[in-house]
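This report looks at how the parts of one protein pack together. Please have the sequence and the 3D view open while reading.

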Amino acid sequence: MNILVIDAQGGGIGKQLVSALKSNFPAARIVAVGTNTIATTAMLKAGADDAATGENAVVVNSRRADVIAGPVGIVIADALLGEVTPLMAKAVAQSNARRILIPINHCDNIVVGVGDLNIGKLIRDVVEEIGKLQKC
């Protein structure tokens, strides 16, 4: 399984995701793509197998992924303080991969009914969903 983790800003969510995914799915290939080098570096240090930065990396790796995981903003143009370009959001949204999005209420995008959830619980939920995919 080829799992693409996308994150922005400081890469904190992506770092936690990569770490949890590597622990739970050691045979999976984890590719980390940050919208900036800080996010990419954080995910690489967390154990990603490969990493890249920027718009074209999101576009290319979205085509290759079986699963894409990250904050909900990765499918919203101009989200995450403007780091998600329209082309990035389109590439993720149109990918054939299964998207597992973390509902983060941040940067003018509010997911109603979600509230402020514990990020650790959300990361565990992502791992659980990917586990279900392996059983299909």
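Which elements do the buried residues of α5 pack against? The model shown is predicted, and in it these residues pack against β1, α3 (55-64), β4 and β5.

## Helix α5

Helix α5 spans residues 86-94, and its buried residues are M88, A89, A91 and V92. They lie on the same side of α5 because they cover an arc of only 160 degrees around the axis. An α-helix has 3.6 residues a turn, so residues three or four places apart point the same way. On the other side of α5, P86 and Q94 are exposed.

## The nonpolar cores

The largest nonpolar core has 24 residues. I3, V5, L17, L21 and I130 have the most contacts inside this core. At least two of its residues come from each of β1 (2-7), α1 (12-24), β2 (29-34), β4 (67-71), β5 (98-102) and α6 (119-135). Helix α6 gives the most, with 6 residues.

Beyond its neighbours within four places in sequence, L21 is in contact with I3, V5, P26, I30, V127 and I130. A second, separate core has 17 residues, including L4, A65, A89 and V92.

## The whole protein

The protein has 6 helices and 5 strands, in the sequence pattern β-α-β-α-β-α-β-α-α-β-α. Its radius of gyration is 13 Å, close to the 14 Å that the globule rule gives for 136 residues, so the protein is as compact as a globular protein of that length.

Of the 136 residues, 49% count as buried. Among contacts between residues at least 6 apart in sequence, 68% join residues at least 24 apart.

How values were computed:
Residues numbered from 1 in each chain as written. Predicted model: local features only at pLDDT ≥ 70, side-chain atom pairs only at ≥ 80, totals over all residues. Heavy atoms only, no water. Core = buried A, V, L, I, M, F, W, Y, C linked by side-chain atoms within 4.5 Å. Buried < 20%, exposed > 50% of the residue type's maximum accessible area, 1.4 Å probe, protein only. Helix = DSSP H or I, 4+ residues; strand = E, 2+ residues; numbered from the N terminus. Contact = heavy atoms within 4.5 Å. Arc of directions from axis to C-beta. Rg over C-alpha atoms; globule rule 2.2 N^0.38 Å.
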